[in-house]
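Hi everyone, thanks for coming.

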Amino acid sequence: MSIGKDANMKNVIKNFLIAVDIFLLLNAIWLLTQSLGISNTFWLNLALIFGVTVYIFWFDKLINIKWLNFLIIFGATIYIGLGIFAVIYGRFDTTTFTEDVAIVLGAGVTGEEVLPTLRNRLDVAVKYHEQNPNATFIVSGGLGDLATITEAAAMTRYLVENGVPESQIIQEGRSHSTYQNMVFSQQILQDNFDNPQVVIITSDFHIFRAINFTRIVGINNATHIHANTPPLSFPGAFIREVAAIIKMWIIGT
């Protein structure tokens, strides 16, 4: 490659990294405007912003370190590839609409208001009820930092307002993670049902990890149905979910 072409390629790479940095910064600012608090996603954004910024600052030196760039490209490829796999996996619904119990996973409440990602999950739950009106719902989610009621209570209110009988809803209001969602929901299943067929309702990106946790806690042969992720929420959800999948594989929770 000629010196001129090599310089042009380096400029393209550097400008691309600057664009990525700006995008991550805007996404971090957006997370704060959504009243989500200083979430894990926000800190992941800051970590990536710091790393990309350092690379840009030392770009002319670091771009020539082949092994470092190989590791960065390899790691980014694996990270992005894993995220794409999780989203694709989640979009292939396996529900039969004949399940006994639908577990709806929480996703954030401010005050008493459900946030867009959770609202999408609940809208899917309402549609599920229309096709399988006899199913019982377990709504799973505890009290968040900026909430005045549990996610489970807010979810119950939303479902009842949209036609799901309150008598068919069981609240699980202790959990603060996907793993706890499944542990506590499994306890409810054991106490109230005899070998029920279960469907998991959550966001597309979240299905893969949720289904893995059903197997870990002993909820056998669970099916799933996805809710679409709001476009503005997707970048942060993508970044956080891949990190959470890696954590699940390493420590199991």
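First, some ground rules. This is a predicted model, in which local features need pLDDT of at least 70 and side-chain atom pairs count only at pLDDT 80 or more, while totals for chains, interfaces and linings use all residues. Residues are numbered from 1 along each chain as its sequence is written, and side-chain values use heavy atoms, with hydrogens and water left out.

Now the overview. The secondary structure of the protein chain comes to nine helices and seven strands. Helices here are DSSP runs of H or I with at least four residues, strands are runs of E with at least two, and both are numbered from the N terminus. Along its principal axes, the C-alpha trace spans about 70 × 35 × 30 Å. Of the 253 residues, 46% count as buried. Buried means under 20% relative accessible area, exposed means over 50%, and partly exposed is in between, using a 1.4 Å probe and protein chains only.

Let's look at strand β6, residues 198–203. How many of its six residues are buried? The count is six of six, so to speak a strand that is mostly covered. On one side, four bridges join β6 to strand β1 (residues 101–105), and the two run parallel. Two strands pair if DSSP finds at least two bridges between them.

Helix α5 covers residues 116–131, and its 16 residues reach 23 Å from first C-alpha to last, close to the 22 Å expected at 1.5 Å a residue. That expected span is 1.5 Å times one less than the number of residues. Among the buried residues of α5 are Leu118, Leu122, Val126 and His129. A helix has 3.6 residues a turn, so residues three or four places apart point the same way. Helix α9, residues 234–251, has 18 residues that should span 26 Å, and its end C-alpha atoms are 25 Å apart, which agrees. Its buried residues include Phe238, Glu241, Ile245 and Met248. After α9 comes glycine 252, with a positive phi near 85°.

What does glutamate 241 form a salt bridge with? Its partner is arginine 209, with the closest N and O atoms 2.7 Å apart. This pair links helix α9 with helix α8, 32 residues apart. Arginine 209 is buried too, at 7%. A salt bridge here is a side-chain nitrogen of Lys or Arg within 4 Å of a carboxyl oxygen of Asp or Glu.

The structure holds four salt bridges. Another joins aspartate 204 to arginine 91, at 3.0 Å between the closest N and O atoms. Aspartate 204 sits in the loop between β6 and α8, and arginine 91 in helix α4 (residues 66–91), so the pair ties together parts 113 residues apart in sequence. Aspartate 204 is buried at 1% relative accessibility, whereas arginine 91 is partly exposed at 42%.

Finally, two asparagines. Most residues other than glycine have a negative phi. Asparagine 195, in the loop between α7 (178–192) and β6, has a positive phi of about 50°. Asparagine 221, in the loop between α8 and β7, has a positive phi of about 60°. Are they buried or exposed? Asparagine 195 is exposed, with a relative accessible area of 69%, and asparagine 221 is exposed at 66%.

That's my tour, so please zoom in and ask away!
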